Every structure is written in C-alpha cells, then in structure tokens.
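Please read them alongside the coordinates.

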Amino acid sequence: MGKDVTYSSYLDLDRILSAQHPASNAHDEMLFIIVHQASELWLKLCLHELAEARAHIAADDLRPAFKMLSRVARAQGQLIQSWDVLSTMTPHDYSTIRPHLGRSSGFQSWQYRMMEFILGGRNPDMIALHDCTPEIALMLREEAARPGIYDEAIRLLHRRGFAIEPAVTERDLTAPYGHSISVEQAWAEIYRAPNDHWDLYELAEKLVDLEYHFQRWRFGHLKTVERIIGFKTGTGGTPGVPYLAGVLKSAFFPELLSVRTAI
C-alpha cells in the first residue's frame, strides 16, 4: 500500500487545490480565499498542539509541552505574515468581492474561537454564533467547561507548593478569568529566582510568547481591515475596526504581564 502513495495522494491535493470557488470574476478573490483557507489550516495545527500541550502541563510533564508551545508560536508567525499578503488588496479590489460574501466573516471562524477558548478568552455569547451548526456549538461549550491552558498552569503552581487562593483553583471555568494577587505573587517568586524554578520560568515565557503573538495577529488584522475597508461595518455585522481595537485590550494571562511591574 505504501509504495502506491504519491505526494499528491498523501496530501490529498486534488481536494485541497479544488477547494477554491470564487463567486465573482474579480482577480483578487483567489488571494482572499487562499489566505483565509491557509489561515484555517494553521489554526488547525495550533489547536492540535495546544490541546496536547495542555495535557502535558496538567500531567506536570513540561518538556514536551515546551516544544509544542514553541511550535504554536512559529505557526502564529505564519498567521501574522498572512496579513502582509492580504494587505496587497486595495479598497477597490475588495469592493468587487464584498457583495459576493453575504454575511460570511472571519468573525465566524470556529477554530479561531476555539483557540481563544483554550487560551482562556471565553465569551459565551460567541458560542451562539454557531447555533446553526450544533456540532460546532457543542464543541465550544465543552471547551468552555474545561480548564484552559492557563488554568492548568496555575493548578500546577498550586501543586508545586505556591499559595494560590482557592477562588482561583476552584473557579467557575465558564466565567471570564480575572487577575489574582496570589497568582501574581507566585509568578513573581518564580521570576525573582528563575534558577530555582527553571521549568516554571520557561513555562511562563512560553505562555507570554503565545499572548504576544496572538496580540500581534489581532493587531495585524486590525491594520489590514483598516487599510482595506477603513471604518466600514464588517460583513458579519461587527463594527469592524472599533471591535478589533477593543479586543486588543483583553489579555489571556494577566498576571504574566502585571508581574513585570511587580518585580
């Protein structure tokens, strides 16, 4: 069987390369489709790695998790660079495509939402967007009830002997995460003496990388949208640039940012 496998058959290229179906005669629609399809593939890889990394953190098996988190950061770099390619589209180019998009929008990407949920940014209102696809809505609800990757990191700190208040380790996982002084103090102890807690120190920096790259991706999205459509409303009904500017203010791992001031 193996000797009959070809490059094309292994990668299922026939289906991948025939999955672009422009709805207009606009030259740039192929660019628009491919950038978004490629981004969804990178998101799929990110979800694959983050789920496994979370399991290793929960098991206090950090070395494999570090490799996976580093890979996610590299994949995020690819997502960020995709905005550079898409930004070659001019307002006129996009105006020829937009009427054919209906109410479809990147805002509806369930993989993007799943990545937000794994990282801890959980807004139950976002699940309702997927009620028309019950299997996706169910996956998001199940994820919202699981510990996020940061929850598992904090639980690990608690198991390692750091004084994390029960309100954090026993919190309602479906509720938004709020800043905790006890968590900040634990990270501060680690950052002040990294050689005594090297693996936790490295875990902290890997998580900071995730947050940093995710915010760079969001910023690239904002500036690309601003460049192409200005302050028009998004196709999915969002306010567009103002909405994107608002999400830039949200942080997944707040104590890993505040600890830099604390120390």
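1. A salt bridge here is a side-chain nitrogen of Lys or Arg within 4 Å of a carboxyl oxygen of Asp or Glu, and by this rule the count comes to 13 salt bridges. This is a predicted model, in which local features need pLDDT of at least 70 and side-chain atom pairs count only at pLDDT 80 or more, whereas totals for chains, interfaces and linings use all residues. Residues are numbered from 1 along each chain as its sequence is written, and side-chain values use heavy atoms, with hydrogens and water left out.

2. Asp60 and Arg160 form a salt bridge whose closest N and O atoms are 2.8 Å apart. The pair links distant parts of the chain, 100 residues apart, with Asp60 in the loop between α3 (29-58) and α4 (62-86) and Arg160 in the loop between α8 (149-159) and α9 (166-169); helices (H or I, at least four residues) are DSSP runs, numbered from the N terminus. Asp60 is partly exposed at 36% relative accessible area, as is Arg160 at 32%, where buried means under 20%, exposed over 50% and partly exposed in between (1.4 Å probe, protein chains only).

3. In the salt bridge between Asp151 and Arg171, the N to O distance is 3.0 Å. Asp151 lies in helix α8 and Arg171 in the loop between α9 and α10 (181-192), so the pair ties together parts that are 20 residues apart in sequence. Asp151 is buried at 8% relative accessibility, and Arg171 is buried at 16%.

4. Arg54, Arg122, Glu143 and Arg146 are linked in a network of salt bridges.

5. The structure holds zero disulfides, a disulfide being a pair of cysteine sulfur atoms within 2.5 Å. Cys46 is buried at 0% relative accessibility, whereas Cys132 is exposed at 68%.

Technical notes
Helix = DSSP H or I, 4+ residues; strand = E, 2+ residues; numbered from the N terminus.
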